[in-house]
Amino acid sequence: MRRLLIFVLPAVALALAGCRQAGGAGQAAGEAAVSHVTAALSPTVSPSPAQQILKPGMRGHAVRLLQRRLAELKYYPGRVNGRFGSATLEAVWAFQEAQGLHPRNAVSSAMQRALASPRPPKVLVRHGGDLRIEVNLKDQLLVLYKHNHVALVSHVSSAGGQYYCSTNGCANATTPTGDFTTLSFMPGWLTVPLGKMYNPVFFIGTNYAIHGDTDVPLRPRSHGCVRIPLDIAAFFHTLVPTPGTPIYIRS
């Protein structure tokens, strides 16, 4: 049986932060990015006698404990190096969203308790397949399942409903809901009429994609795509076969 890690973080708090579109690394690079984090995990984490707030920019053992715990729970915090950077902040946001906590740039006492006894992300499509991507627009969360187990959880920014105009006309920004599959992948930065996308994995033609962006705020802001942090976009495409991986988007 999997051993439950229960600990109190000695310190925790943070800060960071249209459908813009982009594109690459190989399968080995992506798997290495994930395995690098999970390999750094220890089987147990010693309890700390005191709690304190951790913030972006902080360094030390407390931050390393936070990163290890997030990585074990499949929230990608970047390198487990004891430095509270943007990747760790985005992982904190994702965890807060999955736990029903108000996302904030700090790890509150409520989050510290949740880290000790977390609940899994809400399942949107229980029989959606052993390998699938679920995007929860309400919680601004993406969950990748492999072998029907959570393999990756990421904060996202979807369409914000704003009115915009492009060379193709004007519309209100909307992320489509429904059942889709991965169609194609384009490596690197892709320039489109509404901006740029990094490593886009398309699910509707070449118009809608899950892609990396330099701006993945807490509120919905894209023009229709599903934005994910750049550090996750660097390897995300290596974890999802294209074409053919089911994508379920729900509001």
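Predicted model: local features only at pLDDT ≥ 70, side-chain atom pairs only at ≥ 80, totals over all residues.
Residues are numbered from 1 along each chain as its sequence is written, and side-chain values use heavy atoms, leaving out hydrogens and water.

Arg-69 has a charged partner in Glu-72, with 2.4 Å between the closest N and O atoms of their salt bridge (a side-chain nitrogen of Lys or Arg within 4 Å of a carboxyl oxygen of Asp or Glu). Both residues belong to helix H2 (residues 61–72), where they sit 3 residues apart, about one turn of the helix. Helices (H or I, at least four residues) and strands (E, at least two) are DSSP runs, numbered from the N terminus. Glu-72 is buried too, because its relative accessible area is 13%.

## Salt bridges beyond the helix

In total, the structure holds 7 salt bridges. Another one joins Asp-179 to Arg-250, with the closest N and O atoms 2.7 Å apart. This pair ties together distant parts of the chain, since Asp-179 is in strand S6 (residues 178–181) and Arg-250 is in strand S12 (residues 246–250), 71 residues apart.

Arg-227 is in strand S11 (residues 226–229), whereas Asp-215 is in the loop between strand S10 (208–213) and S11, 12 residues away. Arg-227 and Asp-215 are both buried. They also take part in a salt-bridge network that links Asp-213, Asp-215, Arg-221 and Arg-227.

## The five-stranded sheet

Now to the sheet: 5 strands form an open sheet in the order S3-S2-S1-S12-S6, with mixed pairing. S3 (149–155) and S6 are the edge strands, each with a single partner strand, so one side of each has no neighbour in the sheet. From one strand to the next, the twist averages 20°. Two strands are said to pair if DSSP finds at least two bridges between them.

Within this sheet, S1 (residues 132–136) and S2 (residues 141–146) pair in the antiparallel sense over 5 bridges, and Ile-133 has Leu-144 in S2 as its bridge partner. The loop between S1 and S2 holds Gln-140, whose phi is near 55°, a positive value in a residue other than glycine. Gln-140 counts as buried, with 5% relative accessibility.

## Helices on the sheet, and a cis proline

Helix H3 (residues 86–98) lies across S2 and S3, running at about 110° to S3. Helix H5 packs on the sheet as well, touching S1, S2 and S3, and its direction makes about 150° with that of S3. Contact means heavy atoms within 4.5 Å; axes are lines fitted to C-alpha atoms, for helices over the stretch in contact, and angles run from 0 to 180 degrees between N-to-C directions.

H5 (residues 230–239) includes Thr-238, which is buried with a relative accessible area of 7%. The Thr-238 side chain reaches the backbone oxygen of Phe-235 at 2.6 Å. In the loop between H5 and S12 comes Pro-243, joined to Thr-242 by a cis peptide bond with omega about 5°.

## A hairpin and a disulfide

Strands S8 (residues 189–192) and S9 (residues 195–204) pair in the antiparallel sense over 4 bridges, and a hairpin joins them through 2 residues. Trp-189 has Tyr-198 in S9 as its bridge partner. Also in S9 is Asn-199, a residue other than glycine with a positive phi near 50°. Asn-199 is buried, with a relative accessible area of 2%.

There is 1 disulfide, counted as a pair of cysteine sulfur atoms within 2.5 Å. Its members are Cys-165 and Cys-170, with sulfur atoms 1.9 Å apart. The torsion about their S-S bond is about 105°, so this disulfide is right-handed. Cys-165 is partly exposed at 47% relative accessible area, and Cys-170 is partly exposed at 43%.

Methods
Buried < 20%, exposed > 50% of the residue type's maximum accessible area, 1.4 Å probe, protein only. Polar contact = N/O pair within 3.5 Å; in protein donor to acceptor, adjacent residues only side chain to side chain.
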